[in-house]
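Here is a short briefing to read alongside your structure. Take a moment to find your bearings in the viewer, and then follow the topics below.

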Amino acid sequence: DKLRVRDNEKEDWKTGTVTDMRGDKPVVKLDGQSRGFTWTFFEPIGGSADIKPTPPSGGKISVGDKVQVRDNEKEDWKNGTVTDMRGDKPVDMRGDKPVVKLDGQSRGFTWTFSNPS
């Protein structure tokens with residue numbers, strides 16, 4: 001799978017290929033490099049202008065999971081719980097979105113970025 005990666009929000013995105021998983025993070029080898037590394041931020045590359053981030057687990061988020069969410073890269077992460085799923089399959093690289101109720105709130109919403117906490 002092709003991803004774009006970076007270690008902080010001020011860096012430019014770099015493109016690479018997933019070569020392995022290390023714990024709950026993908027190992028990504030940058031284009032033109034011989035070795036792969038894990039990265040703080042990663043998103044799948046596709047034909048869509050609305051690229052969805054891949055959860056750091058590289059796996060699925062399910063109802064009841066604790067997650068961190070935000071709508072843009074300048075916002076701080078907020079903690080919450082997945083209460084429902086948009087679509088009929090769990091969150092994975094297909095980009096389905098969880099409905100997340102923030103801690104202390106009574107209603108859940110979908111968010112641009114979501115990561116398992």
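Let's begin with an arginine: arginine 70 lies in strand β6, which covers residues 66-70. Please keep in mind that this is a predicted model.

**Arginine 70 and glutamate 75**

- Arginine 70 has a relative accessibility of 3%, so this residue counts as buried, the cut-off for that class being under 20%.
- The side chain of arginine 70 has a polar atom 3.0 Å from the backbone oxygen of glutamate 75.
- Glutamate 75 is itself partly exposed, with a relative accessible area of 25%.
- Glutamate 75 also forms a salt bridge with lysine 78, where the closest N and O atoms are 3.3 Å apart.
- Lysine 78 is partly exposed as well, its relative accessible area being 28%.

**Salt bridges elsewhere in the chain**

- How many salt bridges does the count come to? The count comes to three, and the pair of glutamate 75 and lysine 78 is one of them.
- Lysine 2 and aspartate 31 form another salt bridge, with 2.8 Å between the closest N and O atoms.
- This pair links distant parts of the chain, 29 residues apart: lysine 2 sits in strand β1 (residues 2-6), while aspartate 31 sits in the loop between β3 (25-30) and β4 (36-37).
- Glutamate 11 and lysine 14 meet through their side chains in a salt bridge, at 3.6 Å from N to O.
- For that pair, the relative accessibility is 25% for glutamate 11 and 30% for lysine 14, so glutamate 11 counts as partly exposed, and so does lysine 14.

- Strand β8 (residues 97-102) pairs with strand β9 (residues 108-109) in the antiparallel sense, over two bridges.
- Which residue in β9 is the bridge partner of lysine 101? Look for glycine 108.
- Five residues lie between β8 and β9 in this hairpin.
- In the turn, glycine 104 has a positive phi of about 85 degrees.

Notes: Residues numbered from 1 in each chain as written. Predicted model: local features only at pLDDT ≥ 70, side-chain atom pairs only at ≥ 80, totals over all residues. Heavy atoms only, no water. Helix = DSSP H or I, 4+ residues; strand = E, 2+ residues; numbered from the N terminus. Buried < 20%, exposed > 50% of the residue type's maximum accessible area, 1.4 Å probe, protein only. Polar contact = N/O pair within 3.5 Å; in protein donor to acceptor, adjacent residues only side chain to side chain. Salt bridge = Lys/Arg side-chain N within 4 Å of Asp/Glu carboxyl O. Pairing = 2+ DSSP bridges.
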